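User: I'm new to this structure and would like to go through it step by step. Please show it to me, and then we can start with some questions.

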Amino acid sequence: MFGNTSSSQPTVGFGGSGALSHTYIQYPPLRCRNDGSRGLFYDDGNKLLISPTSDKVVSWKTSPFTPDVAPTTDTISEGPVLSVRYSLDAKIIAVQRSNHEVQFWVRETGDTFSQKCRSESGSILGFFWTDCAVCDIVFVKTSGLDLYTYVPELKSLDLVETKKMNVSWYIYTHESRLIVIASGMQCKSFTGYQLSSAGIIRLPRFEMAMAKSDANSKPVLAAEDVHIVTVYGRIYCLQVDRVAMLLHSYRFYRDAVIQQGSLPVYSSKIAVSVVDNVLLVHQVDAKVVILYDIFADSRTPVSAPLPLLIRGLPRTSISSSQSSRKDAESSETTLLTDTASHLYSDDWNFLVPCLVCDVSTGFLWKIHLDLEAISASSSEVPSVLEFLQRRKLEAKKAKQLCLELARSLIIERRPLPMVFRAIEVLVNSFSYSLKTGSYSKGGKSEKHTVPGVSENSVGTSTSDNISGADASGKSIKTEPTSGVDRRTVHNSGFSTSDSEDNANFKKAKAKFFDINSSSGNIDRETSVGAVASRIGDHSMASESQLHDNQPLNANVSEQQDSEVTSAAIPPDELYNFVFASVEEEMIADASYLFAIIVEFIRSANLEKIKLHPNIYVMAVRLLGRNERYAELGQFILNKIIEPSKEVALQLLETGRQNIQTRKLGLDMLRQLQLHHDYVVLLVQDGCYLEALRYARKNKVNSVRPALFLEAAYASNDPQRLAAVLRFFRDFIPGFGTTSEHSTYIRALADMHSSIAV
Amino acid sequence: MVMVVAKSKETEAVWRIEALRSVLKEVHSLFVMFHGSIRPMLDKEPGGGLIRSHLYTFVMDYLSDFLMGNKFLLPNFRDSLKERGTVQMLTVGREAAIEVQSLVGALDSCMGNTLGYSMILFQDLLVSTTLTPDDTVNLFSYGILRLTPRVLSSGGSTWSYLRKGNASSHTEPGSLFANTGSAFDQGFRDASSVGGDNYRIVRPLQHGKWSRGKDGFLVTDIWGVEVGNLVPTTPTIWLQQTEHKMYLCAYQHKSLTIILLIPVTSMLNGEEGISMLKQQLLENASAKIFKVEEKLAKGWGGENAYHVKGYRYLLVDGDRNISRASPAGKVTTLTKESLLALNKVREDVDLERNRAKGDCVDPEKDLEICIRAKNNAWVIARATRGKELYIVLEKANETLLYASEAVEKFSDRYCNGAFSLD
């Protein structure tokens, strides 16, 4: 064991992906540590981890997640820092200095200004930037919300609107654009607003259920017990009921909040993450994760509770051969040694949607799903396939896993009904992806958005309106829903009777922020998760780019990875990687494989997916192998096996053992009007005259007379040869003068003489 | 086997030898299917009592189907547009066909690894089979005779290509052949008691012995009843080619009849295994069965679905033992002259075919006969590569060209151009 570690390469802590865990964090983490740090803040609007010091703001980009990302440093004036957030265009830094003051820095010019609130109007609980059409920044105060726009010319904020209410605490995620405000003695009455580009949507008030330990107790709901999660473009609110040990879920609709049922919890402290639309419920006390895929309103976990794994952790024993550089890191390594024991420590902060920050060490981890482990953990393959097909983040891997699962299903000769269901899942998923356009355009639509975004970011820096408009125009094309949203912005210009110039300004702004406008829109009852999720994905992708001021190439690697944007498997690949690859091994069990192919054809037919002739050729081959010729006839006559040249040739091949099957092949060639092949085959069968008649009728000129003549000569039947010769003399002008003619005339004469003898 | 047919002066008694021969062939194949080959039976009891008693009851039961009222009618010239010993297929669209095959797959998986076979009928038409063509023909004939919903709801008004109206008019063989039968029966009973062997005769063709049970499976006590629990014994048949003994298990849902054949050797626990299999079928396949039935019923064109206006035809695919013909109701509109002419033409074709077989020259020689009958009807026969087509055109133009074009048109439309002369 020790010998292994002598290399300076970090070795994998646990042997790859075992069934030990379904989620993992990958070493090395992003180290967010600087001297004099006054705590860590997460700016989810820009996906920045921010660590302010007395006079600096150091920030790390967390999306895309790369451990060696260089921090950006901005200088600010000294003072207390209660919270920090960059504006969404990253031009302004806002720092909350006290309960009454937020200070702003314009990064380009270094200009600064601050916004103070009168103390009698309540203290500031927090603030966030928004891409809402009405305002740029929202202050959340104990007395309600203050909505401001930023006026760059005046370097000040302009109060647009105030929403008065009592606020005990609030939670906001940029992902959902949703703020949920708790009020009341027990903090269980909620008001919500979604600040999307379409405007501000006020959610109906709702109460959260809380079990009481005894009749008189009045438990108070804490902010850390409520989570907003966005999965498949839907917004849910999860609430931990510590007494009942349940995690209640509520789904937000435009006009209603509906409780969706509850999940059991096994820990008083619960954290949630969302990775690739999978809900991870961390049972912090028990140090395990339970995965839920709440796509189909199913409350059953994807898998059993399992711990989180750290991958790629270097061995603690550092060999002497290691460089001094390593020594410098040794203190950190010791920190790492007990990272394993640090899992779910009190210092762990879970950040939306899938990051974990250990504030004691300053390590930022990203949580990943181990698709391999998940797929290996269940024998219920069809549901695993369904799960994998919904994965977008590691679509390529999910697809690969699906293919392998399907393959092993067949090789292991699992019960047919299960295989059938698996095939159905894959075919339906592909058809679905075709319908939603995520497959056919797959890579393309992604690329569509990207240039739009890049143009847009160019547009922002040069404040070029045209390119901005162009970009939004593109976003209309790719995302109809957002287009509609945008148009309403344009046309109605918000029913607030604003002055013209103000509206103009907003218009420009709307253009700018438009692309991620619809992300996490509170979806309407009618909009099926599908559309929503797609839009969510698109805008998320664009979002991540929009806020990177870095040129696109920073993203290149991820971009290439995501070229496979969907785990959907087209039928050709299913054929190549599953059916064709198992055929050899299934020789002994051809009927089993055949039954699966029939089911595949059925599923494809139901979804109106056209199949490649290969699959039909294989069906013919399998039936032929089992000598099920009568059934083969039925399949051909009923056109279950669609006619094609490939199939016809396979029929002829299979027909070597069975004359009826050969006839089917011939008939198919004729019906497909493959005249040349048909005529050649007729000649092979010795039907010269028929072939000639056919050739004449269908004007087949590609067959040389010599072919007929040779065949007729080989048959050693002078009558035939004579008939063929006569035919050509009659129907091909000038044939009588060719050398062929004279050759065969002589041959004919020889034949006659030999017969006479 | 020999068939002796009384020659009579009756005008109706115009036969085609080949048609009579096929009756003989059919009764023989059915006998072999139910009782196995004749030779082993003879070997078993060289005295012949066993085989004689079996043959007697079987043939009598079979012949009872040819009784119309109290007249005994063998297939004559009026049946020239029928072909005994072939199956009639239901034409289905691709989608329905796929559903059917999916059902076949489900049936297969119900039977597990037993190498069983399935056959699906809709009304009196074959939908699907996994049997060899010969076994298919035999089982199909039996199905049409005794198992289809039309037969079971005996006296049902509906139709069949081959045996319209026959089912309702059956008479117990004993009563009609009383003069010979009862005496023979007597003798047989004596023999059995004397022999002490006590073999009971299974009479698979007995009328009115099948019925549909509550669970949808067809039951009969022809094969006896298990002692003790009164459960009827599952029928068994022999496959022609492989000579495997198979359990026969039939299930019916509305117009759909499903026949499963399961090797006896694979059912170690006999009846118990069969009832388990039935249970499995009900659990795993019934949804599919319902779906298929619904789909087929929806697409089913009815009694005259395969009628082609202006044509009276018979299409025989010798390779697959399939035939299709004008519906019986339409054939009856033909005049006697046309039918007699057709009968003659068919005899000639039969002769030609047999001669070809005898001479061992290409038995699939192309052939075309076109005659104009006394009543100015066209009677046309065409044979090409194992397929035969007979057409009677009564109200046709008088030119040969017209008749030939009419055939061409028919061939292109309904036979995928198989008879369009190249």
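User: What should I know about the model and its numbering?
Analyst: Residues are numbered from 1 along each chain as its sequence is written, chains are lettered from A, and ligands are numbered from 1, in the order in which they are written. Local features need pLDDT of at least 70 and side-chain atom pairs count only at pLDDT 80 or more, while totals for chains, interfaces and linings use all residues, since this is a predicted model.

User: Where in chain A is A:Lys608 found?
Analyst: A:Lys608 is not a glycine, yet its phi is positive, about 55°. Helices (H or I, at least four residues) and strands (E, at least two) are DSSP runs, numbered from the N terminus. On that numbering, A:Lys608 is found in the loop between α15 (590-606) and α16 (613-625) of chain A.

User: Is B:Glu243 buried or exposed?
Analyst: B:Glu243 also has a positive phi, near 55°, and is a residue other than glycine. Its place is the loop between β7 (236-238) and β8 (245-253) of chain B. Since B:Glu243 has 11 C-beta neighbours inside 10 Å, it counts as exposed.

User: Which loop holds A:Pro28?
Analyst: The peptide bond from A:Tyr27 to A:Pro28 is cis, with omega near 0°. A:Pro28 sits in the loop between β1 (23-26) and β2 (30-31) of chain A.

User: Which residues is A:Lys91 in contact with, leaving aside its neighbours within four places in sequence?
Analyst: A:Lys91 is in the loop between β7 (83-86) and β8 (92-96) of chain A, and it is partly exposed because 17 other C-beta atoms lie within 10 Å. Two residues are in contact if their C-beta atoms, placed from the backbone, lie within 7 Å. Leaving aside neighbours within four places in sequence, the contacts of A:Lys91 are A:Val106, A:Arg107 and A:Glu108.

User: What share of chain A counts as buried?
Analyst: Chain A holds 24 helices and 29 strands. Of its 757 residues, the share that counts as buried is 44%.

User: And what share of chain B counts as buried?
Analyst: Chain B comes to 13 helices and 14 strands. Among its contacts between residues at least 6 apart in sequence, 64% join residues at least 24 apart. Of the 422 residues of chain B, the share counted as buried is 38%.

User: How many residues are in the largest nonpolar core?
Analyst: A nonpolar core is a set of buried Ala, Val, Leu, Ile, Met, Phe, Trp, Tyr and Cys residues joined through C-beta atoms within 7 Å. In the largest one, the residues with the most contacts inside it are A:Leu426, A:Ile597 and A:Ala619. Its number of residues is 256.

User: How far apart are the centres of domain 2 and domain 3 of chain B?
Analyst: Chain B is divided into domain 1 (17-84 + 171-195), domain 2 (94-161 + 207-299) and domain 3 (312-414), with bounds from an automatic or database domain assignment. Taken over C-alpha atoms, the centres of domain 2 and domain 3 of chain B are separated by 35 Å.

User: How wide an arc do the buried residues of α10(B) cover?
Analyst: Helix α10 (residues 286-299) of chain B has buried residues B:Ile289, B:Val292 and B:Leu296.

User: Which element gives the most to the side of chain B that touches chain A?
Analyst: The contact takes 21 residues from chain B and 24 residues from chain A. On the side of chain B that touches chain A, two or more residues come from each of α4 (94-110), β4 (125-129) and α5 (133-147) of chain B. With nine residues, the element that gives the most is α4(B).

Definitions and conventions:
Buried ≥ 20, exposed ≤ 12 C-beta atoms within 10 Å, placed from the backbone. Expected span 1.5 Å × (residues − 1).
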